[in-house]
Amino acid sequence: LHSITRVISLLVIPVGISLFFVNFFNSGGVSGVDRIFPAIGQTAGAIVGMVPAGMFLLTSVALAVGIIRLSRKKTLVQDLYCFEMLARTNVLCLDKTGTLTDGSMEVNEVVILDKTVNINVVMGSFLNSFKEFNQTSLALASRYTLNTVLTPVNTISFSSSRKFSAVSFKERGTYVLGAPEFVYKAADRNLMGVIEDRQKKGYRVVMLAHSDSYISPDGSLEGVVAPLALFILVDHIRPEAYRTIKWFQDNGVETKIISGDNPLTAAEIARTCGVENTDRCVSLEGLSLAEVASVADKYTVFGRVSPEQKAALVKSLRMRGKVVGMTGDGVNDILAMKQADCSVAMASGADAAKSVAQLVLLDSNFASMPAVVLEGRRVINNIHRPSASLLSTTIFTLALSLA
């Protein structure tokens with residue numbers, strides 16, 4: 001519609017000037033003043049016919065009706081024109097947590113590596129040292145009772161880039177909890193084999209380790225870290241995920257999984273949900289944004305992805321001519337959602353993610369997505385069909401004016 005308007009604007013100016021002079025010299029008035037007003041009226045009448053005002057009205061009404069229909073399906077539309085991108089989406093980027101899974105986890109297994117440590121006391125005091133909880137700490141808190149046996153003196157909060165949290169306890173050194181590859185850097189083949197075996201089965205593995213050193217005032221931690229235990233967590237896959245993924249793939253929409261988890265874990269969950277080509281998975285840990293952009297269309301599952309890398313992936317796909325939809329529910333998804341052609345958030349997600357999303361699924365149900373896409377396609381088709389007849393009026397008026 002914008003392209004049509006620009007073309008018509010370029011044509012209307014010279015055609016309008018020509019019409020005015022033709023009408024001016026062909027008017028029946030004797031004086032110049034008597035000729036000007038009839039010429040203006042005749043020219044204005046022709047120009048009004050050249051403006052496709054009906055198409056603007058049609059588009060606004062069709063989109064408004066679509067928004068009302070989607071509201072009945074518990075979907076909040078925050079951008080009137082996102083329907084077009086939604087209908088044309090051919091690549092859908094999904095954040096695993098909160099989309100394929102419901103965001104909740106539970107401890108499936110605990111592998112004790114150092115039996116001299118009282119894990120119940122350490123984990124209870126560790127978790128009690130933080131005021132904010134994520135899904136991982138909530139799952140651990142349901143297994144270990146919070147306590148104040150150990151006295152914390154300094155902490156490092158978990159972040160998506162750091163991938164671990166740490167607490168220094170009085171006279172006990174520092175305990176570190178997080179992703180194994182970020183916590184423990186030594187090459188223990190037996191331990192790595194245990195971790196990789198669980199990750200290939202779709203479990204999230206979290207390691208608890210200990211260091212005799214303490215967290216420095218600048219928030220860094222030095223010293224040798226020794227592993228104490230592995231916590232094997234299971235994500236709860238949404239029961240409707242398989243059916244929804246299959247619908248998108250049957251309708252020609254390519255699915256890509258972008259996750260901060262280990263790529264093996266994310267790939268197994270994606271495979272369980274029916275995502276194709278999950279063997280093409282890669283970890284983006286340590287890759288530059290340029291390197292991330294170069295592999296965007298080569299893999300299906302991306303693991304250990306930072307917020308900036310998520311945005312780079314989406315931007316790279318768009319630069320390759322793809323129409324990209326992005327779903328997310330966390331603060332770390334915001335940059336990628338802003339880069340996407342159409343962004344979708346879950347109502348159960350972070351407020352910041354919902355504020356930047358163009359569509360919000362109020363029931364936080366991923367199974368609602370096919371109905372939303374179908375509604376978008378229906379709206380676009382309803383605009384396309386009568387647009388030809390409305391545009392023909394403009395073309396006919398231009399042709400008569402030129403004749």
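**Entry 1: ground rules.** I am working with a predicted model, in which local features need pLDDT of at least 70 and side-chain atom pairs count only at pLDDT 80 or more, while totals for chains, interfaces and linings use all residues. Residues are numbered from 1 along each chain as its sequence is written, and side-chain values use heavy atoms, with hydrogens and water left out.

**Entry 2: the sheet.** I looked up the strand order and found an open sheet of eight strands, β1-β14-β13-β12-β2-β9-β11-β10, with mixed pairing; strands are DSSP runs of E with at least two residues, helices are runs of H or I with at least four, both numbered from the N terminus, and two strands pair if DSSP finds at least two bridges between them. β1 (75-77) and β10 (281-283) stand at the edges with a single partner strand each, so one side of each has no neighbour in the sheet. From one strand to the next the twist averages 20 degrees, with axes fitted to C-alpha atoms (for helices over the stretch in contact) and angles taken from 0 to 180 degrees between N-to-C directions. Inside the sheet, β2 (residues 91-95) and β12 (residues 324-328) run parallel and are joined by four bridges, and V91 has V324 as its bridge partner in β12. Helix α11 (residues 263-272) packs on the sheet, where it touches β9 (254-258), β10 and β11 (301-303), and its direction makes about 145 degrees with that of β11; contact means heavy atoms within 4.5 Å.

Entry 3: I then turned to β5, where six of six residues are buried, that is, under 20% relative accessible area, with exposed set at over 50% and partly exposed in between (1.4 Å probe, protein chains only). F164, A166 and S168 point one way from β5, and S165, V167 and F169 the other. β5 is joined to β4 by four bridges in an antiparallel arrangement, with T155 opposite V167. Six bridges pair β5 with β6 (residues 173-178), also antiparallel, and S168 stands opposite T174. Three residues separate β5 and β6 in their hairpin, and E171 in the turn has a positive phi of about 60 degrees.

**Entry 4: F158.** I located F158 in the loop between β4 (152-156) and β5 (164-169), and noted that F158 is partly exposed, at a relative accessible area of 43%. Leaving aside neighbours within four places in sequence, F158 is in contact with N134, K163, F164 and S165.
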